[in-house]
Amino acid sequence: MEKFIKKTSIVAPMDRANVDTDAIIPKQFLKSIKRSGFGPNLFDEWRYEDVGQPDSDNSARPLRKEFVLNQPRYQSAHILLARENFGCGSSREHAPWALKDYGFDVVIAPSFADIFFNNCFKNGIVPIVLEEAVVDGLFKDVFATEGYQLTVDLAAQQIIRPNGEAILFEVDTFRKHCLMNGLDDIGLTLAYQDDIKAYEVKTKKTTPWLFN
Amino acid sequence: MSAKTLYDKLWDAHIVRQEDDGTALIYIDRQLLHEVTSPQAFEGLRMAHRTPWRIDTNLATPDHNVPTTDLSNGIASITDPVSRIQVETLGMNTREFGITEYAMGDIRQGIVHVVGPESGATLPGMTVVCGDSHTATHGALGALAHGIGTSEVEHVLATQCLIQKKMKNMLVKVDGKLSAGVTPKDVVLAIIGKIGTAGGNGHAIEFGGQVFRDMSIEGRMTVCNMAIEGGARVGLIAVDEKTVEYVKGRTFAPKGEQWDMAVTAWMDLTSDADAVFDTLVELDGSMIEPQVTWGTSPEMVLDVNGRVPNPANEMDAVKADGIRRALAYMGLEADMAIKDIPAEYVFIGSCTNSRIEDLRAAATVLKGRKISDKVELALAVPGSGLVKQQAEAEGLDKIFIEAGFEWRNPGCSMCLAMNADKLPTGKHCASTSNRNFEGRQGAGGRTHLVSPEMAAAAAIAGHFVDVRDYI
């Protein structure tokens, strides 16, 4: 997994609540057996005029010009600013894969759906929860100032505004450690294989029907 | 020892190790696999030269891409080459790693959340995971079950464990008696309407109270299935005699001496009387009416006799904006009656409502009646080959067909339209599935979530109606 330490970037505003993973990456793209290549179909139904297919030439498809990611001022954004309950619905990890493949490394929102939130950490995306009023303020700033940038400093757990003001955020210690070092969870867990085996020996006695 | 909730008990029994900050390694007893969210996990195993920790805990079946029409050519029946490769890949992966698969053509194949309980692969007290958010379904049997992403599918394959932090406890208590025509689907939609689609975020929800004690196991599955639509990854219902009776004799259920031992253990899978929940929500079951969603989120739900909301009456700007977007997408006018919404498509199926009791309930409404000529397509899609076989043995297929429905083969079908069953742009669908998101059943399609009975009644009328006028 790619490490995340600190990033400064333009911010793209996704100004609607309850953005679901069907919207982030529609079902027809879930037929891929790969982890990569989902970026061109991120928010496909909102981004393009037509209905995309896995074999479509996306560069030739008509764009919905008003959609936020199609506006020139938000090109090359690596930070997505979102509303409450971002990533709700299906558990598809294709959603964070699509966000990452498009170029997003950070999503800021007042709240996230649990499975999506968890999936972000497995893919080097930092999901940051801020108070609703603070997120509201950031939306106002992003809309008001073309080229508005934020710096996300994971080590310091701070978002730094253009005026130098810092917004502190919480992140789970273990997940922060994994993100900053690009660690593979499986490798970490396998370091405890003796504990797993001991658990199996113990539970085989109490619940043998789970080991048939 | 302090009182524990059902979730506390299940969690505690599965801790392999726990760090001081609460991060725990949790043991997984069962992983269910399907073709959409597993290929990258198997590929990850291969690339890291890893092998599954315990092959026997995994059970696979293809469901999302499977056609519901003619299957006589096996996998070759899938005309979309991309879908076909995904189903073939599941077969290659399960063969390579020695995992049991109920493949296409096997009578036991079906929607993974129907197959798990039906085969006894899901048992009370287990931890159950699957790369699918509707894994909450299995909580109906008193199992700790939730959806995971593909990285975690790989993690469970390789280690039999997940790294987790404990969730909070929520009790959704529904007492009283349901009126005739009010179903488990209406109960869960009413709950989501009350708590909102983010209401259960960070929580494991236990559904408690008279309504759930009275409910059948399949009804409980419908309720737990949609815990995720209320934001909770986990839905749970306490084990009782009905649970034990349901599990008895199923393929993977314990037998003989182990059965007796298991039943004794399972009967303790209830929350202690004085257990404390972080959040409590209460509803009066006798007040719940048949529900219909009008918008693009499951929380946008109303009684069938209600009227579509008007954004002008909503004070919260983000919410008002959400209502306006939903009305525009759904092609509805503010303040219009739910009963004036047309039902041009009808879909009875999905992991929420495709079990035998769902098909029986819909057939009861349809018997001796014809669907409206305004309905362009009505589909009945059983949840598994075994459900289909049972329905046919009871003659339900004939009732559906005589009413004007198409009687199809099992799969996820038009719930998410990864196969050829798609809701066309602009069409309204009375659907027994679980999500009414934009584009969910087909790009531009307009989904209204209802119970099987309500879907059958809408099919007859050609628009949404109160099923109580049809029973």
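What covers the buried residues of helix 2 of chain B? Helix 3 (81-97) and helix 5 (150-159) of chain B are included in that cover. Point 5 returns to this helix.

1. Basis of the model. This is a predicted model, in which local features need pLDDT of at least 70, side-chain atom pairs count only at pLDDT 80 or more, and totals for chains, interfaces and linings use all residues. Residues are numbered from 1 along each chain as its sequence is written, while chains are lettered from A and ligands numbered from 1 in the order in which they are written.

2. Chain A overall. Chain A has eight helices and seven strands. Helices (H or I, at least four residues) and strands (E, at least two) are DSSP runs, numbered from the N terminus. Its C-alpha atoms fill a box of roughly 65 × 45 × 25 Å along the principal axes. Chain A has 212 residues, and 44% of them count as buried. Buried here means that 20 or more other C-beta atoms lie within 10 Å of the residue's own; 12 or fewer makes it exposed, anything in between partly exposed, and C-beta atoms are placed from the backbone. Take the contacts in chain A between residues at least 6 apart in sequence: 65% join residues at least 24 apart. Two residues are in contact if their C-beta atoms, placed from the backbone, lie within 7 Å. The chain is divided into domain 1 (6-181) and domain 2 (186-212). Domain bounds come from an automatic or database domain assignment. The C-alpha centres of these two domains of chain A lie 37 Å apart.

3. The sheet of chain A. Seven strands of chain A form an open, mixed sheet in the order 4-3-2-1-5-6-7. Two strands pair if DSSP finds at least two bridges between them. Strand 4 (126-129) and strand 7 (166-168) of chain A are the edge strands, each pairing on one side only. Neighbouring strands are turned by 30 degrees against each other on average, direction ignored. Axes for such angles are lines fitted to C-alpha atoms, for helices over the stretch in contact, and angles run from 0 to 180 degrees between N-to-C directions. Strand 1 (residues 6-14) and strand 2 (residues 79-82) of chain A run parallel, joined by four bridges. A:M14 has A:A82 of strand 2 as its bridge partner.

4. Where the chains meet. How many residues does the contact take from each chain? Chain A gives 46 residues and chain B gives 57 residues. On the side of chain A that touches chain B, helices 1 (21-24), 4 (114-121), 6 (173-181), 7 (185-190) and 8 (193-206) of chain A each supply at least two residues. That side divides into 19 nonpolar, 11 polar and 16 charged residues. Ala, Val, Leu, Ile, Met, Phe, Trp, Tyr, Cys and Pro count as nonpolar, Asp, Glu, Lys and Arg as charged, and the others, Gly among them, as polar.

5. Chain B, domains 1 and 3. The assignment gives chain B domain 1 (6-164), domain 2 (168-239 + 265-287) and domain 3 (291-469). The C-alpha centres of domains 1 and 3 of chain B lie 28 Å apart. Between them, 21 residues of domain 1 of chain B contact 22 residues of domain 3 of chain B. Helix 4 (residues 112-119) of chain B gives the most to the domain 1 side, with four residues. Buried residues in helix 2 (residues 39-47) of chain B are B:P39, B:Q40, B:A41, B:F42, B:G44 and B:L45. Just after helix 2 of chain B, B:H49 takes a positive phi of about 55 degrees.

6. Sheets of chain B. Five strands of chain B form an open parallel sheet in the order 5-4-3-6-7. Strand 5 (100-101) and strand 7 (144-147) of chain B stand at the edges with a single partner strand each, so one side of each has no neighbour in the sheet. Elsewhere in chain B, strand 9 (residues 168-175) runs parallel to strand 10 (residues 203-208), with six bridges. Strand 9 of chain B also pairs in the parallel sense with strand 12 (residues 279-284) of chain B, over six bridges.

7. B:N419. This residue sits in the loop between strand 17 (406-407) and strand 18 (428-431) of chain B. B:N419 is buried because 22 other C-beta atoms lie within 10 Å. Residues that B:N419 touches include B:N65, B:P67, B:S83 and B:G411.

Conventions:
Lists of a residue's contacts leave out its neighbours within four places in sequence.
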